[in-house]
Protein chains: 2
Amino acid sequence: MARIVMKFGGTSVAGLERIRNVARRVQKEVEDGNEVAVVVSAMSGETDRLVGFCREAAPLYDPAEYDAVVSSGEQVTSGLLAIVLKSMGVKARSWFGWQIPIHTTDAYANSRIESIDTERLIKAMSSKEVAVVAGFQGVSDEGRVTTLGRGGSDTSAVALAAALDADRCDIYTDVDGVYTTDPRIVSRARRLDRVTYEEMLELASVGAKVLQTRSVGLAMKAKTRLRVLSSFGDPDLSPEGGTLIVSEDEIKENTMERQIITGIAYDKSEAKVTLTGVPDKPGAVAQIFSLLADANIHVDMIVQIAYEGHITDVTFTVPKAQLSQVLDILEKGKEKIGFQKALKNDNVCKVSIVGVGMRSHPGVAATMFDALAKRGINILAITTSEIKVSVLIDDAYTELAVRVLHTAYGLDADNKPVEEAIA
Amino acid sequence: MARIVMKFGGTSVAGLERIRNVARRVQKEVEDGNEVAVVVSAMSGETDRLVGFCREAAPLYDPAEYDAVVSSGEQVTSGLLAIVLKSMGVKARSWFGWQIPIHTTDAYANSRIESIDTERLIKAMSSKEVAVVAGFQGVSDEGRVTTLGRGGSDTSAVALAAALDADRCDIYTDVDGVYTTDPRIVSRARRLDRVTYEEMLELASVGAKVLQTRSVGLAMKAKTRLRVLSSFGDPDLSPEGGTLIVSEDEIKENTMERQIITGIAYDKSEAKVTLTGVPDKPGAVAQIFSLLADANIHVDMIVQIAYEGHITDVTFTVPKAQLSQVLDILEKGKEKIGFQKALKNDNVCKVSIVGVGMRSHPGVAATMFDALAKRGINILAITTSEIKVSVLIDDAYTELAVRVLHTAYGLDADNKPVEEAIA
């Protein structure tokens with residue numbers, strides 16, 4: 001007997017036919033003797049419809065009322081799944097955030113889970129009643145409905161798995177796992193059997209959209225074994241494939257040999273800004289970033305090139321959506337900072353190699369720079385973390401760069417040499 | 001300053017444009033210095049959509065889960081109206097049944113309100129915050145969402161008005177009041193300025209679909225002043241027309257002269273059953289109706305015609321929807337009852353005259369029978385109450401009968417003689 005949390009996203013519950021397939025998968029887990037909690041999203045398209053209503057009601061809608069409106073989507077799905085399960089003879093009931101309750105902060109529309117009272121859920125589950133939990137929602141101290149931000153149902157599932165001390169948390173979605181890179185770019189991308197929390201965090205935040213970043217961080221903290229699976233295919237068969245997201249220790253125990261690099265990600269959401277002729281003296285550069293920090297602008301990559309004399313160029317990246325705001329702030333601070341020109345470029349892409357293996361292989365970045373140089377791809381900026389190296393390039397070269405790196409690190413499904421892979 | 005409850009039905013909140021009109025009406029009441037609670041239905045079509053999901057999920061859906069699903073419609077409307085009000089600078093917040101809370105029985109899908117905790121609502125309303133209440137829903141003792149049955153938002157509004165000791169309860173709908181009869185049949189039907197609770201109950205239960213019957217009974221018990229108004233038209237002007245539903249005393253105080261008959265209603269939902277050759281002895285007829293009562297069949301009109309000898313014919317009406325069930329029950333009890341034949345007729349219509357004035361005018365039924373006889377309309381059965389006379393006729397004569405009676409009792413807008421009115 002195991003205690004498991006299953007989570008089904010919007011495409012997996014889009015319509016009654018798919019909800020019936022979900023119910024069949026849940027029934028199988030119950031028949032296997034497991035205690036089951038299921039977290040469901042709104043049917044795909046439903047949250048967009050409800051958000052559209054709110055925007056139509058008022059562009060600057062009240063966030064607490066937004067939560068009152070949009071949380072209804074998950075409510076509907078949880079009730080429907082419970083109806084289907086009961087009609088199949090499986091004991092089940094729906095649970096809303098306020099019924100469990102799932103306590104959150106009162107930052108409406110973007111709340112964080114503070115605690116989950118599991119007593120009633122555990123009692124129900126141990127009597128073999130499936131708990132069908134509406135994802136994405138909780139309740140504030142003042143007793144109003146809150147939501148966790150888009151994609152929040154992943155967080156609901158992981159937080160619930162942690163609170164229930166579940167043996168695993170299965171995230172069913174419309175892909176069958178986490179890939180070495182985007183299969184739409186590299187046809188020979190491989191599904192990963194196992195990936196560490198840390199790698200998943202880097203892969204998620206640089207563009208792989210399988211899991212909400214926050215939920216991965218939460219799973220890492222609580223050591224919750226996560227599995228990403230496809231909800232499609234025959235519900236009477238065990239789902240094929242899947243990716244386990246676990247701790248590094250567990251990876252080491254289970255994998256004899258492992259690639260140094262786990263995956264290649266890319267992200268086109270950032271723009272590059274270059275300030276020329278910044279005085280090369282203490283505090284001048286700090287001035288730039290404190291101005292941006294005051295405006296809550298997240299600066300990602302930073303490169304400083306010093307010339308002969310007493311001036312320097314400073315290059316950095318910011319979210320594209322905030323680019324005009326950034327240029328405005330810089331213009332206003334021009335005298336204070338003392339730069340000559342502010343140049344912008346929003347045709348850039350950040351390409352990253354991710355892998356815990358690089359900790360023990362210092363030469364890994366050199367391979368990246370070398371592979372890109374051979375293809376004539378210019379590197380505009382570099383950042384590194386313990387398990388990631390990111391480079392900023394002209395976005396026209398995105399697909400080429402991803403394919404070249406995928407091959408260079410031996411990630412291709414059939415491992416052909418670079419020349420053939422990119423032909 | 002008055003404390004008022006406003007209720008808006010599905011057509012009145014069908015889409016953001018209409019919700020904005022509703023908000024404007026609410027704003028006017030606030031500007032007039034009133035404390036306001038607004039009860040809203042789901043957008044028109046929304047409850048049907050959600051009920052459709054439940055039926056598709058399982059024909060015999062779990063009623064508690066049905067409530068979890070369908071209650072979401074009112075949740076959405078209350079949130080959206082609160083958003084619009086706040087964007088107009090009117091203090092407002094949405095309230096769901098469980099938040100107030102509105103305590104109900106646990107008869108899911110058809111619950112009854114037991115009590116309403118008004119403390120928090122009153123506190124909010126007295127600080128000039130409009131309470132936007134999701135209609136149709138409450139919460140059971142075990143903390144699950146309940147619903148009050150179709151049309152239940154009227155009941156929510158009246159119960160809330162009673163609990164808040166409101167000065168009045170305004171029911172906004174897609175008609176501008178209660179009419180002397182169906183205006184689609186009689187073009188000269190008149191809107192009634194005032195009608196008593198008792199009359200409204202009879203009018204509602206015999207076919208006028210303006211208000212849910214239960215809500216009228218509740219208003220009568222709590223002596224809540226009800227007003228039926230149209231939500232259409234210019235929201236910046238006071239709504240024209242409207243019908244007040246009040247106690248008989250208030251009617252007497254306000255009306256010098258009054259028609260004996262207040263309105264004419266009709267109802268095609270019943271079928272007639274005749275059992276021939278029933279033994280004319282004590283207990284035989286009782287046998288019939290106890291069998292039907294055991295099956296929870298509501299029998300309305302009953303006529304017994306005794307012949308020479310020891311047999312009798314018994315005629316009665318039952319809901320059309322239950323006709324085949326009724327015939328089945330009778331067939332199984334044939335020997336026990338001892339009748340010869342069971343004849344059915346589902347082409348019948350019940351036409352009723354309603355009015356508190358008939359208490360003091362004993363000849364009122366004779367006028368009805370006479371007017372129908374003159375037009376050659378055969379009466380198949382008769383029932384009476386203190387303020388109502390109903391006749392069962394061939395449904396082909398429905399429109400004719402309603403028009404004839406409307407004229408005979410002087411209800412026509414321009415009060416022309418019968419002959420002209422039905423020409």
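Does Tyr66(B) count as buried or exposed, and at what relative accessibility? In this predicted model, Tyr66(B) counts as buried, at 8% relative accessibility. The cut-off for buried is under 20% relative accessible area, so Tyr66(B) falls within that class. Tyr61(B) reaches 22% and is therefore partly exposed. The two rings, Tyr61(B) and Tyr66(B), form a stacked aromatic pair, with 5.0 Å centre to centre and 10° between the planes.

Chain A holds a stacked pair of Tyr61(A) and Tyr66(A), at 5.0 Å between centres and 10° between planes. Tyr61(A) is partly exposed at 22% relative accessible area, whereas Tyr66(A) is buried at 8%. Over all chains, the count of aromatic pairs is 9. A cluster linked by ring pairs joins Phe96(A), Trp98(A), Phe96(B) and Trp98(B).

The contact between the chains draws 40 residues from chain A and 40 residues from chain B. The buried area is about 3100 Å², and carbon and sulfur atoms give 61% of it. Glu65(A), Ile83(A) and Trp98(A) supply 19% of the area that chain A buries against chain B, more than any other three residues.

Polar links also cross the interface. There are 17 residue pairs in polar contact and 4 salt bridges. One salt bridge pairs the side chains of Asp62(B) and Lys86(A), at 3.0 Å from N to O. On the side of chain A that touches chain B, the elements giving two or more residues are α1, α2, α3, α4 and β3. Of these, α4(A) gives the most, with 10 residues. That side of chain A divides into 21 nonpolar, 8 polar and 11 charged residues.

Note on methods. Residues are numbered from 1 along each chain as its sequence is written. Chains are lettered from A and ligands numbered from 1 in the order in which they are written. This is a predicted model: local features need pLDDT of at least 70, side-chain atom pairs count only at pLDDT 80 or more; totals for chains, interfaces and linings use all residues. Side-chain values use heavy atoms; hydrogens and water are left out. Contact means heavy atoms within 4.5 Å. Buried area is the accessible area (1.4 Å probe) that two parts lose on being put together, summed over both. A polar contact is a pair of N or O atoms within 3.5 Å; within protein, one must be able to donate a hydrogen and the other to accept it, and residues adjacent in sequence count only if both atoms are side-chain atoms. Helices (H or I, at least four residues) and strands (E, at least two) are DSSP runs, numbered from the N terminus. Ala, Val, Leu, Ile, Met, Phe, Trp, Tyr, Cys and Pro count as nonpolar, Asp, Glu, Lys and Arg as charged, and the others, Gly among them, as polar. Rings of Phe, Tyr and Trp (its six-membered ring) pair if their centres lie within 6.5 Å; planes under 30 degrees apart count as stacked, over 60 as edge-to-face and the rest as tilted. Buried means under 20% relative accessible area, exposed over 50%, partly exposed in between (1.4 Å probe, protein chains only).
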